[in-house]
Amino acid sequence: MLAAAAATTPGDAVRRLRAYAAAHHQRPTDVADALVRRRLTPQAVLAPAP
């Protein structure tokens with residue numbers, strides 16, 4: 001989902017998901033679950049950290 005939204009590789013998408021999770025003090029699996037359940041948008045995860 002993230003790789004398609006960002007037009008990037010799956011490996012890069014995983015790195016970005018992990019970075020988002022770490023920055024927001026969440027587990028990567030919880031972030032992935034929120035993406036699948038549409039409680040979180042790919043754009044939110046892919047946005048650069050402030």
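User: Which residues of helix 2 are called buried, and what makes them so?

Analyst: Ala13, Leu17, Tyr20 and Ala21 are the buried residues of helix 2, because buried means under 20% relative accessible area (exposed over 50%, partly exposed in between; 1.4 Å probe, protein chains only). The model is predicted: local features need pLDDT of at least 70, side-chain atom pairs count only at pLDDT 80 or more, and totals for chains, interfaces and linings use all residues. Residues are numbered from 1 along each chain as its sequence is written, and side-chain values use heavy atoms, leaving out hydrogens and water.

User: How do you know on which side of helix 2 the residues Arg15, Arg18 and Ala22 are exposed?

Analyst: Arg15, Arg18 and Ala22 are exposed on the other side of helix 2 from the buried residues.

User: Against what do the buried residues of helix 2 pack?

Analyst: They pack against helix 1 (2-6), helix 3 (28-36) and helix 4 (42-46), where contact means heavy atoms within 4.5 Å. Helices are DSSP runs (H or I, at least four residues), numbered from the N terminus.

User: Why does the span of helix 2 agree with its number of residues?

Analyst: The expected span is 1.5 Å times one less than the number of residues. For the 14 residues of helix 2 (residues 10-23) this should be 20 Å, and the end C-alpha atoms are 20 Å apart, which agrees.

User: What makes the twelve residues, Leu2 and Val45 among them, a nonpolar core?

Analyst: A nonpolar core is a set of buried Ala, Val, Leu, Ile, Met, Phe, Trp, Tyr and Cys residues joined through side-chain atoms within 4.5 Å. The largest such core has twelve residues, including Leu2, Tyr20, Val31 and Val45. Its largest share, four residues, comes from helix 2.

Terms used: Helices (H or I, at least four residues) and strands (E, at least two) are DSSP runs, numbered from the N terminus.
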